[in-house]
Amino acid sequence: LTLDPEYFKKFLEYDESSPSCLRWKVNISKKMRCGSPAGSQKPTGYWYLRLEGVKYHVHRIIYVMTHGSISSTSVINHINNVNSDNKICNLEEVSQAINTRRNVRNKNPMNTGINFYVQKGTPYWRSRYTDLTGKQWVKSFNCKIHGHEEAKRLATDYRRDRLKELNRE
């Protein structure tokens, strides 16, 4: 879905005093009047609104109204990890991989991407990560060769080192 900034500017204006940071510029309905705050909030904190039967995320509208477009391979990240904070200074365009790594639910990225599994009777620790192009990488560490704790440490170190490299990029 391509977002047209001029389309949104006909109906909406950016205003940080509004809870969603958008206000209606025109009367849309009895509830959505000129000057009233635009949007509804989901339980997740995200704001959205319906315009001519189409549902939009408010943070994406604000980003497009300010910057003109969003790449088809990008998402809009809330820098401070507060999904309801749609101030322009809190929004940035990033890849999905970067957005996932920065997600507050991944406070400790070492708690994700490291898994224990057994294949054909052999136990392994496996490390996964996604590079900046979206390609997934996997490396396994055999517990019979390294020992259980050492294989887990190797998998954890491998993931940590790859993420450090990606974050430098």
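Modeller: Two strands pair if DSSP finds at least two bridges between them. Helices (H or I, at least four residues) and strands (E, at least two) are DSSP runs, numbered from the N terminus. This is a predicted model: local features need pLDDT of at least 70, side-chain atom pairs count only at pLDDT 80 or more, and totals for chains, interfaces and linings use all residues. Residues are numbered from 1 along each chain as its sequence is written, and side-chain values use heavy atoms, with hydrogens and water left out.

Biologist: Which residue in strand 10 stands opposite S127?

Modeller: Strand 9 (residues 122–130) and strand 10 (residues 136–142) run antiparallel, joined by seven bridges. In strand 10, the residue opposite S127 is K139.

Biologist: Which residue takes a positive phi in the hairpin of strand 9 and strand 10?

Modeller: Five residues lie between the strands of this hairpin. There, a positive phi near 95 degrees is taken by G134.

Biologist: Why is helix 2 largely enclosed by the rest of the structure?

Modeller: Buried means under 20% relative accessible area, with a 1.4 Å probe and protein chains only. Helix 2 covers residues 58–67, and it is largely enclosed because seven of its ten residues are buried. Those residues are V58, H59, I61, I62, Y63, V64 and M65.

Biologist: How many aromatic pairs are there?

Modeller: Rings of Phe, Tyr and Trp (its six-membered ring) pair if their centres lie within 6.5 Å; planes under 30 degrees apart count as stacked, over 60 as edge-to-face and the rest as tilted. By this rule the count is seven.

Biologist: What kind of pair do Y7 and F8 form?

Modeller: Y7 and F8 are both buried. Their ring centres are 5.3 Å apart and the planes stand at 70 degrees, so the pair is edge-to-face.

How values were computed:
Buried < 20%, exposed > 50% of the residue type's maximum accessible area, 1.4 Å probe, protein only.
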